[in-house]
Amino acid sequence: MFRSHTCGELRQEHVGATVTLAGWVHRRRDHGELIFIDLRDRYGITQVVFDSAVTAAHRVAEEARSEYVLQVRGVVRPRPAEAVNPDLATGAIEVEALEATVLNPARTPPLYIAKEGGEEEALRLKYRYLDLRRERMQRNIMLRHRVVKFMRDFLDREGFLEIETPILIKSTPEGARDYLVPSRLHPGKFYALPQSPQQLKQLLMVAGFDKYFQIARCFRDEDQRADRQPEFTQLDLEMSFVDQEDVLGLIERLFIELCRTITPHKALSTPFRRLTYTEAIERYGSDKPDLRYDLELVNLGEVLASTPFQVFQGALERGGQVKGLRAPGCASFSRKQIDELAELARVAGARGLAWAALPAEGGEVRSSFARNLGPGELEAIIERMGARPGDLLLIVADTPSVVAAALDRLRRELAARLGLIDPDKLSFAWIVDFPMFEWNPEEERWDAVHHPFTSPRNEDLPLLDSDPGKARAKAYDLVLNGYEVGGGSIRIHRREVQQKVFDLLGISREAAMAQFGHMLEAFEYGAPPHGGIAPGIDRIVMILADESTIREVMAFPKTQQAVDLMTNAPSPVDERQLKELHIALRS
């Protein structure tokens, strides 16, 4: 038996017991006659004392170094009062070593295990198996386990069945690029790794499994960001005989119970706020707004309808917008600080940033544009924006999409600079009533905003024939602290509606049958009304763990260039393998 107890298990009630521990050397302190070793496993740390009177064990302790794997047999004793460590669960006791064995020595690690060393992330990913020994990483991985287990238990209580769907499927592009897998048995043909189990879970609804879920691995060959990876995990979920309110109600209950159980120290805002897509863009410039703070955008089009200032007037005449953001107490910003904000707006697409600093007590307004306004217009802007002395007003005039992107970027930057972001607050929101389609001018056709299986709102169904751009979808996104953490919709379940959507998307009847014929045919065999959602587990755990990237909550992530530094994947393969797969490489 390698161990009788873990390194986080022993307490005062174990005093006098003879125990066996096994773990890694976390820290070693050599005082000559006495050597103290903190022995670590994933459960905690226990201090072991090696007395020179126990010669063989003391000799092992002299040899041991950081990250050696040891087995120790000894007697639990209370620590002296002055040596009690209140920061350790085992801090009231220690183990007096009687025997010790080196199970495996260790080279000096290339990174510190006992503390965060501030290394480059590339080094951490190359030696991920060492990085994962750290307390922070073990805490994150265990948090992820608890989140997934809670989801499984909750949905089991709700009558859902966990059903696995294939990883090797048909390539039916749904937006991002597929990862393709060549077939050895069928030369020239390929499987694809699933971007999501979307079609399969809809077919499970046709099959009569009215409540399905899966902790699903998904794959997308797209450019990486802090909250993206080429392979990721989502809670995939689908229900039959439901409409939008049924899905939203279930998921809201799931996350309220999850957060109160897993992260009770965080303040959770309930009920979840609900915004239409149009309202979210109008008020926050984003369809995934961080609602932990206010800083709402203000439309200035009315008060500037007759302005002589050509920058504002020109934008309005071209069908654009003039909108502003109030930065409370920021009138004291230096010109350098304001120029930094202007650069952020430009990076987001804006041609420039108009600003006005309102003095706290008397004095003149500092402004980049006030002298160009008509009589009373500055006062009207100040009133419309609810500005007070000491505030800084930031204004962008451009197309609606550019105005939204620029002010959203400034809103997030100001919240960070002003300390408005509370890491211990969880602010969920539902974004609903997305547009069904968006026009693709390059290909002169409509694109689906979500995916082609999303149902239009019932009252907007006639718009598919008359004005598709005005049709709203039965689609909904779950947003948390400025991240989209889940997206879903009520699906199309009638063949004629699905065919009409394919037609609008420019998918020919032949292509539709080749790519989605199995779906169209299934809808003719009694498909029930159904809908679902797919919350992203990586992003959710990232937020709950107070991390800034999903790589910190994944055991073996890839870099932002989709490279596994530990195994050097992707890598070349043997010419024999390529020949078996009927593949020839072109330079």
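This is a predicted model: local features need pLDDT of at least 70, side-chain atom pairs count only at pLDDT 80 or more; totals for chains, interfaces and linings use all residues.
Residues are numbered from 1 along each chain as its sequence is written, and side-chain values use heavy atoms, with hydrogens and water left out.

D447 is found in strand 21, where strands are DSSP runs of E with at least two residues and helices are runs of H or I with at least four residues, both numbered from the N terminus. A further polar contact, of 3.0 Å, joins the side chain of D447 to that of N440. Apart from neighbours within four places in sequence, the residues in contact with D447 (heavy atoms within 4.5 Å) are M436, F437, E438, N440 and L505.

W446 also lies in strand 21, which spans residues 445-448. W446 is buried, with a relative accessible area of 18%; buried means under 20% relative accessible area, exposed over 50% and partly exposed in between, for a 1.4 Å probe and protein chains only. With neighbours within four places in sequence set aside, W446 is in contact with F437, E438, W439, P468, G469, L504 and L505. Between W446 and D503, 57 residues apart in sequence, the C-alpha to C-alpha distance is 9.5 Å.

Helix 13 (residues 495-504) has as its buried residues V497, Q498, Q499, V501, F502 and L504, and these pack against strand 20 (437-440), strand 21, helix 12 (463-466) and helix 14 (509-522). The helix is followed by G506, whose phi is positive, near 75 degrees.

R79 is situated in the loop between strand 4 (69-78) and strand 5 (93-104). Although buried, R79 has no salt bridge, and the nearest side chain of opposite charge, that of E94, is 4.5 Å away; a salt bridge requires a side-chain nitrogen of Lys or Arg within 4 Å of a carboxyl oxygen of Asp or Glu, and for charge Lys and Arg count as positive and Asp and Glu as negative, with His and the chain ends not counted. The side chain of R79 does reach the backbone oxygen of G91, at 3.3 Å.

Definitions and conventions. A polar contact is a pair of N or O atoms within 3.5 Å; within protein, one must be able to donate a hydrogen and the other to accept it, and residues adjacent in sequence count only if both atoms are side-chain atoms.
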